[in-house]
Amino acid sequence: DAGITQSPRHKVTETGTPVTLRCHQTENHRYMYWYRQDPGHGLRLIHYSYGVKDTDKGEVSDGYSVSRSKTEDFLLTLESATSSQTSVYFCAISLAGGYNEQFFGPGTRLTVL
Amino acid sequence: QKEVEQNSGPLSVPEGAIASLNCTYSDRGSQSFFWYRQYSGKSPELIMSIYSNGDKEDGRFTAQLNKASQYVSLLIRDSQPSDSATYLCAVTLRRSGYSTLTFGKGTMLLVSP
């Protein structure tokens, strides 16, 4: 998994609770991404980061926030989880943005009851 | 028109045959093109990248890019049952400043023994 870990790997939570997912990389790649994957929708970009403290929104950013205080860590927070946020979340890293390959972490399966 | 389109499949081929997977994209200014393989319950794994028109071969895999026609394809020669997976096409789009990838929804490939 190219030196990428995600935690937790599985989580069940209740509607309205805050949830934070962590992505950690040991590759020193500049770009980091958060995706969600749902049947019928494929992989959709939530947020991405192009450096420490530099982030931008993706296609489906509503209800999510991110933070990157260190090169190696990229956090995704669901401020108040909803059932529509039940999904598999993948983190990815890239050395130089869209020109270069992205490598994916193992994923986090999140269930919001 | 969707930005990156793939036939959802499933594409069924017998063992030993050539599997042909196709992808079309809407942005003529797209620069980078990638194929990922995703086994059920696993994260996407990069198998091919291609940046210029023509063919690129890597073992049993060949990626073909035709920018004028805006399509990219993946050929898998001597298909094996272990190739059964969903194949994702990903493209960097000009509208994103080439910072992010846009994924198709994937084509499921089934290789029968």
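Is Asp78(B) buried, partly exposed or exposed? With a relative accessible area of 41%, Asp78(B) is partly exposed, where buried means under 20% relative accessible area, exposed over 50%, and partly exposed in between (1.4 Å probe, protein chains only).

The structure is a predicted model, in which local features need pLDDT of at least 70 and side-chain atom pairs count only at pLDDT 80 or more, whereas totals for chains, interfaces and linings use all residues. Residues are numbered from 1 along each chain as its sequence is written, chains are lettered from A and ligands numbered from 1 in the order in which they are written, and side-chain values use heavy atoms, with hydrogens and water left out.

## The two chains

Chain A contains zero helices and 11 strands, and its pattern along the sequence is β-β-β-β-β-β-β-β-β-β-β; helices (H or I, at least four residues) and strands (E, at least two) are DSSP runs, numbered from the N terminus. The radius of gyration of chain A is 13 Å, close to the 13 Å that the globule rule gives for 113 residues, so chain A is as compact as a globular protein of that length. That radius is taken over C-alpha atoms, and the globule rule is 2.2 Å times the number of residues to the power 0.38.

Chain B likewise has zero helices and 11 strands, and from the N terminus on its elements run β-β-β-β-β-β-β-β-β-β-β. For chain B the radius of gyration is 13 Å, close to the 13 Å of the globule rule for 113 residues, so this chain too is as compact as a globular protein of that length.

The table sets out some overall values for each chain; accessible areas come from the Shrake-Rupley method with a 1.4 Å probe, and for residues only the protein chains shown count as cover.

| Chain | Span of the C-alpha trace along the principal axes | Buried residues | Accessible surface |
|---|---|---|---|
| Chain A | about 35 × 30 × 25 Å | 50% of 113 residues | about 5,200 Å², 49% from carbon and sulfur atoms |
| Chain B | about 45 × 30 × 20 Å | 48% of 113 residues | about 5,200 Å², 47% from carbon and sulfur atoms |

In chain A, 55% of the contacts between residues at least 6 apart in sequence join residues at least 24 apart, a contact meaning heavy atoms within 4.5 Å. In chain B, residues 24 or more positions apart account for 55% of the contacts with a separation of 6 or more.

The mean positions of the 11 positive and 12 negative charges of chain A are 3 Å apart, while chain B has 11 positive and 10 negative side chains, with the centres of the two sets 7 Å apart. In these counts Lys and Arg are positive and Asp and Glu negative, with His and the chain ends not counted, and each charge is placed at NZ of Lys, CZ of Arg, CG of Asp or CD of Glu.

## The interface

The contact between the chains takes 22 residues from chain A and 19 residues from chain B. About 1,600 Å² is buried between chain B and chain A, and carbon and sulfur atoms give 57% of this area; buried area here is the accessible area (1.4 Å probe) that two parts lose on being put together, summed over both. On the chain B side, Ser43(B), Ser99(B) and Phe103(B) lose the most area to chain A, together 27% of what that side buries.

## Local features

In chain A, Phe90(A) lies in strand 9 (residues 87–94) and counts as buried, at 2% relative accessibility. Its C-alpha atom is separated by 5.9 Å from that of Trp34(A), although Phe90(A) and Trp34(A) are 56 residues apart along the chain.

Most residues other than glycine have a negative phi, and most peptide bonds are trans. In chain A, however, a cis peptide bond with omega of about -10° joins Ser7(A) and Pro8(A), and Pro8(A) lies in the loop between strand 1 (4–7) and strand 2 (10–13). In chain B, the peptide bond from Gly9(B) to Pro10(B) is cis, with omega near 10°, and Pro10(B) belongs to the loop between strand 1 (4–6) and strand 2 (11–14).

Positive phi values are found in chain B at Gln70(B), about 60°, and at Asp78(B), about 50°, neither of which is a glycine. Gln70(B) sits in the loop between strand 7 (61–66) and strand 8 (71–76) and counts as buried, at 12% relative accessibility. Asp78(B), the residue of the opening question, lies in the loop between strand 8 and strand 9 (85–92) of chain B.
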